[in-house]
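Open the model in your viewer and keep the selection panel at hand. The stops below say what to select and what is there.

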Amino acid sequence: INSATNDIYGNVVDRIKEIQMKDPDNKIMVAFNSVTGNASIAEHLIKNGICNKADIKILCSANSENKVPDFYAELDSEVLPGKINFLTSAYFTGFDIKERYHLISVSGNKSKVHALSDKRLKQIAGRCREKLGLLSETVIHDLIDPKSTDNFYSKDEIIEAAATQVKALKCMHDNYASVPLLQ
């Protein structure tokens, strides 16, 4: 999801509402490296009757607990503690979740602290250790300023690179499929 209006918070709220309407029984994990941003989204969800305060947990470092006392939680098992769970970078790596959930990763490009690289997005998605994987994965970001990147690629260059990557993945798939042990 590309926020043309630059309303990342609104897009996160909309995606949470959409998931809850389609799949109300499963959990949601929002990976956004902003304690105050997570708290703002949580307050909006409660204020607009989208969920109850008890449904929301914010997993962040103990140093930030005082910023979100009503929502602060720690991960003390291999399952998410709330129905809607917000995580900051303190929880992006180094833990395993052994249940399926909907993942929403949020990358804000106005601050390097909020930006998520491809590698970081893969690490966040990789926290799900359930055999069937995530229920869904959504990446929400604001507009990228081409001046802020070292390289600017044309649409054709990106399509060509994607086609090459698909060919490589197909090759890997075919090789693994030919060996029963690797299936």
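## A guided tour, starting at a salt bridge

Select Asp96 first. This residue is partly exposed, at 30% relative accessibility. The model is a predicted one.

Arg129 is partly exposed, at 45% relative accessibility.

## Zoom out

Show the whole chain as a cartoon. Which elements are there? The protein chain has 4 helices and 7 strands. From the N terminus on, the order is β-α-β-α-β-β-β-β-α-β-α. The C-alpha trace spans about 50 × 45 × 35 Å along its principal axes.

The accessible surface comes to about 11,300 Å², and carbon and sulfur atoms account for 52% of it. Of the 183 residues in the chain, 38% are buried. Consider contacts between residues at least 6 apart in sequence: 71% of them join residues at least 24 apart.

The structure holds 8 salt bridges. Select Lys53 and Asp70 for another of them: their side chains meet at 3.3 Å, N to O. This pair, too, links distant parts of the chain, 17 residues apart. Lys53 is in the loop between α2 and β3, and Asp70 is in the loop between β3 and β4 (72-73). Lys53 is partly exposed, with a relative accessible area of 42%.

Next, go to helix α1 and select Arg15 and Glu18. They form a salt bridge, the closest N and O atoms being 3.0 Å apart. Both lie in α1, 3 residues apart, about one turn of the helix.

Is Arg15 buried or exposed? Arg15 is buried, with a relative accessible area of 14%. Glu18 is partly exposed at 35%. Salt bridges that share partners join Arg15, Glu18 and Lys22 into one network.

## Along helix α2

Select residues 35-47. This is helix α2, with 13 residues. How far apart should its ends be? At 1.5 Å a residue, the helix should span 18 Å, and its end C-alpha atoms are 18 Å apart, so the two agree.

Color the buried positions of α2: Val35, Gly37, Asn38, Ala39, Ile41, Ala42 and Leu45. What covers them? The cover includes α1 (8-22), β3 (56-59) and β5 (84-87). Then step just past the helix to Gly49, which takes a positive phi of about 70°.

## Into the interior at Ile84

Select Ile84, in strand β5. Is Ile84 buried or exposed? It counts as buried, at 0% relative accessibility. Leu45 is one of the buried residues of α2.

For a sense of scale, draw a distance from Ile84 to Glu160. Their C-alpha atoms are separated by 38 Å, and the residues are 76 apart along the chain.

## The cysteines

How many disulfides are there? A search of the whole structure finds 0. Cys51 is in none; the nearest cysteine sulfur, that of Cys60, is 17 Å away. Cys51 is buried, with a relative accessible area of 7%. Now select Cys171. At 44% relative accessibility, Cys171 counts as partly exposed.

## Last stop: a nonpolar patch

Select Leu169, Met172, Tyr176, Val179, Leu181 and Leu182 and show their surface. Together they make a nonpolar surface patch of about 630 Å². Leu182 lies in the segment after α4 (155-177). It is partly exposed, with a relative accessible area of 48%.

Technical notes. Residues are numbered from 1 along each chain as its sequence is written. This is a predicted model: local features need pLDDT of at least 70, side-chain atom pairs count only at pLDDT 80 or more; totals for chains, interfaces and linings use all residues. Side-chain values use heavy atoms; hydrogens and water are left out. A disulfide is a pair of cysteine sulfur atoms within 2.5 Å. Buried means under 20% relative accessible area, exposed over 50%, partly exposed in between (1.4 Å probe, protein chains only). Patches are made of residues with over 30% relative accessible area and no salt bridge: like charges are joined within 9 Å, nonpolar side chains (Val, Leu, Ile, Met, Phe, Trp, Tyr) within 5 Å. Accessible areas come from the Shrake-Rupley method with a 1.4 Å probe; for residues, only the protein chains shown count as cover. A salt bridge is a side-chain nitrogen of Lys or Arg within 4 Å of a carboxyl oxygen of Asp or Glu. Helices (H or I, at least four residues) and strands (E, at least two) are DSSP runs, numbered from the N terminus. The expected span of a helix is 1.5 Å times one less than its number of residues. Contact means heavy atoms within 4.5 Å.
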